[in-house]
Amino acid sequence: MLLTGLDLVEIDRIRKAMQRPRFCRRVLGEEEYRQLSLRGFPCQSVAASFCAKEAFGKALGTGISGFALSEVQLLRRENGSPYLAFSGEALRLAQKSGAVFSVSITHTRLYAAAVVLGEVRQDSKREGTE
C-alpha cells in the first residue's frame, strides 16, 4: 500500500514569514536549521522544507495536526539527496503507519513543491524513517 502527500507553496509567502524572527525556529528542527543556516537560509530551500512537512501530513491523512512542524525534518545526505527524519509525535505517527517514507522536492523561482511517499510493507518492521 502507498501513502501519498503533495504540497506546493509560493516562495514569496515563505520569504515574508521568514521576516518574523521566530518563524524558522518554530518550523525547522535542530539539524534542519543547522543545515539551512550553513547555506544562508535560502528562501526556496526553507519553502521546500515547509512543503515536505505538509506533504508528510497529507500522506498520513492527518494534515499538519497531531505533530509539530519541527518534528519532521527535511535533511540532506552527503550526496545531496533529501530524506525525512522524525521525532516526537511525528515519529510516533510514522511508526504507527507502518510505512517507510521517501521525499522528493523541487522549486522554481516562484514555487516550491514536495512529494512524500510512504510504502507500507507487510513484511517490514522498520520505524518509518528515510
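Is Glu119 buried, partly exposed or exposed? At 35% relative accessibility, Glu119 counts as partly exposed; the term covers values between buried, under 20% relative accessible area, and exposed, over 50%, with a 1.4 Å probe and protein chains only.

This is a predicted model, in which local features need pLDDT of at least 70 and side-chain atom pairs count only at pLDDT 80 or more, while totals for chains, interfaces and linings use all residues. Residues are numbered from 1 along each chain as its sequence is written, and side-chain values use heavy atoms, with hydrogens and water left out.

**Sheet and packing helices**

Three strands form an open antiparallel sheet in the order S1-S5-S4. Strands (E, at least two residues) and helices (H or I, at least four) are DSSP runs numbered from the N terminus, and two strands pair if DSSP finds at least two bridges between them. At the edges are S1 (2–10) and S4 (99–107), each of which pairs on one side only. Neighbouring strands of the sheet are turned by 15° against each other on average, direction ignored. Axes here are lines fitted to C-alpha atoms, for helices over the stretch in contact, and angles run from 0 to 180 degrees between N-to-C directions.

S1 and S5 (residues 111–120) are joined in the antiparallel sense by nine bridges. Val9 stands opposite Ala112 in S5. Helix H4 (residues 43–60) packs on the sheet and touches S1, S4 and S5, its direction making about 145° with that of S1. Helix H5 (residues 88–97) also packs on the sheet, touching S1, S4 and S5, and its direction makes about 120° with that of S4. Contact means heavy atoms within 4.5 Å.

Ile105 is found in strand S4. Leaving out residues up to four places away in sequence, Ile105 touches Ala48, Leu74, Arg76, Pro82, Ala113 and Ala114.

**Core and helix H4**

The largest nonpolar core has 37 residues, and those with the most contacts inside it are Phe23, Phe56, Leu84, Phe86, Phe101 and Val116. Such a core is a set of buried Ala, Val, Leu, Ile, Met, Phe, Trp, Tyr and Cys residues joined through side-chain atoms within 4.5 Å. H4 supplies the largest share of this core, 10 residues. In H4, 15 of the 18 residues are buried, so the helix is largely enclosed by the rest of the structure.

The end C-alpha atoms of H4 are 26 Å apart, which agrees with the 26 Å that its 18 residues should span at 1.5 Å a residue; the expected span is 1.5 Å times one less than the number of residues. Just after H4, Gly61 takes a positive phi of about 90°.

**Salt bridges**

The whole structure holds six salt bridges, each a side-chain nitrogen of Lys or Arg within 4 Å of a carboxyl oxygen of Asp or Glu. The table gives some of them.

| Pair | Closest N to O |
|---|---|
| Arg92 and Glu89 | 2.7 Å |
| Glu119 and Arg121 | 3.3 Å |

Glu32 lies in helix H3 (residues 30–38) and Lys53 in helix H4, so their pair ties together parts that are 21 residues apart in sequence. Glu32 counts as buried at 1% relative accessibility, and Lys53 is buried at 0%.

Arg92 and Glu89 both lie in helix H5, three residues apart, about one turn of the helix. Arg92 is partly exposed at 39%, as is Glu89 at 35%. Arg121, the partner of Glu119, is partly exposed with a relative accessible area of 34%.
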